[in-house]
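Dear colleague,

I am handing over the structure that we talked about, and below it you will find what turned up when I went through it. Please keep it open while you read, so that each part can be followed in the model.

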Amino acid sequence: MNKFALEEANYFEESIFLKSPIGCLRLKLLDDLLVSVEFDCEFQQTASPSKTAIELARQLDCYFDSQEFAFCVDVKTSGTEFQQKVWRALMDIPSGSIVTYGQLAKQLNSSARAIGNACRRNPVPIIIPCHRVVAASDIGGFSGQKKGKLLNIKRYLLKHEGHSF
């Protein structure tokens, strides 16, 4: 076995499934760090979830109970330097607030399209609140979609936080 394979074997991966008002969520953790949130998955019972997974589930329950809840979750994201910069800026948008792609682009000295592309690649939506970024004239997209189930999830999240689209 080569050194790389040994290093890979030391990681602890875990997936938990949560039922939520927007459907089943699959949360993937790597060494107790959240690495992805997936929508529209098939629910599976999680056997012996870690303390981190239990706490993450508790925080998501709190969010769905109160739009003012602020997450305190350790995440590990992989993306370009620009994507990381956008995702950090998204974390500064408080619950109940929205910004446009153009406003965020101006703040980060970029373009609205580049902001949209970074939002689309956000691996941990809800926690990194890309749903709080909208177009100047409408709701914009969500996870690369301009209609359908994922856009309905964005509508739900925004309505939950006090906005209507």
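Lys-149 is partly exposed in this predicted model, since its relative accessibility of 48% falls in the band between the buried limit of 20% and the exposed limit of 50%. Its side chain meets that of Asp-40 in a salt bridge, with 3.0 Å from N to O. Lys-149 belongs to helix 6, which covers residues 149-160, whereas Asp-40 sits in the loop between strand 3 and helix 2, so this pair ties together parts of the chain that are 109 residues apart in sequence.

That salt bridge is one of several, as a search of the whole structure finds four of them. Another one joins Arg-132 to Glu-161, and here the closest N and O atoms are 2.8 Å apart. Arg-132 lies in the loop between helix 5 (112-120) and strand 5 (133-134), while Glu-161 lies in the segment after helix 6, so the two link parts that are 29 residues apart in sequence. Buried or exposed, what are Arg-132 and Glu-161? Both of these residues are buried.

A further salt bridge is found between the side chains of Glu-38 and Lys-28, at 3.1 Å from N to O. Because Glu-38 is part of strand 3 and Lys-28 is part of strand 2, this pair ties together parts that are ten residues apart in sequence. Glu-38 counts as partly exposed at 27% relative accessibility, and Lys-28 is partly exposed as well, with a relative accessible area of 26%.

Three strands make up an open sheet in the order 1-2-3, and their pairing is antiparallel. Strand 1 (13-20) and strand 3 (33-39) stand at the edges and have a single partner strand each, so that one side of each is left without a neighbour in the sheet. From one strand to the next, the twist averages 20°.

How many bridges join strand 1 to strand 2? There are eight bridges between these two strands, which run antiparallel, and one of the pairs to look for is Ser-20 with its bridge partner Gly-23 in strand 2. Strand 1 and strand 2 form a hairpin, with two residues between them. Strand 2, which covers residues 23-30, is also joined to strand 3 by six bridges, and these two strands run antiparallel too. If you look for Leu-27, you will find that its bridge partner in strand 3 is Val-37. Helix 2 (residues 51-65) packs on the sheet and touches strand 1, strand 2 and strand 3, with a direction that makes about 25° with that of strand 1.

Helix 2 also meets helix 6, for the axes of the two helices come within 9 Å and cross at roughly 70°. Helix 2 and helix 6 are therefore roughly perpendicular to each other. On the side of helix 2 the contact is made by Tyr-63, Phe-64 and Asp-65, and on the side of helix 6 by Tyr-156, Leu-157 and His-160.

In helix 3 (residues 81-91), the buried residues are Gln-83, Gln-84, Val-86, Trp-87, Ala-89 and Leu-90. What covers them includes helix 4 (101-107), helix 5 and strand 5.

Two residues in loops deserve a look for their backbone angles. Most residues other than glycine have a negative phi. Ile-126, however, has a phi near 80°, which is a positive value, and its place is in the loop between helix 5 and strand 5. At 1% relative accessibility, Ile-126 counts as buried. Ser-143 likewise has a positive phi, near 55°, and lies in the loop between strand 5 and helix 6. Ser-143 is partly exposed, with a relative accessible area of 32%.

Finally, a word on confidence. The chain averages a pLDDT of 91, and 94% of the residues score at least 70. Over residues 1-6, however, the pLDDT is below 50, and beyond near neighbours in sequence this stretch has one contact in the model.

With kind regards

How values were computed
Residues numbered from 1 in each chain as written. Heavy atoms only, no water. Pairing = 2+ DSSP bridges. Helix = DSSP H or I, 4+ residues; strand = E, 2+ residues; numbered from the N terminus. Axes fitted to C-alpha atoms, helices over the stretch in contact; angles between N-to-C directions. Contact = heavy atoms within 4.5 Å. Salt bridge = Lys/Arg side-chain N within 4 Å of Asp/Glu carboxyl O. Buried < 20%, exposed > 50% of the residue type's maximum accessible area, 1.4 Å probe, protein only. pLDDT = per-residue confidence, 0-100. Parallel < 35°, antiparallel > 145°, perpendicular 65-115°, else oblique.
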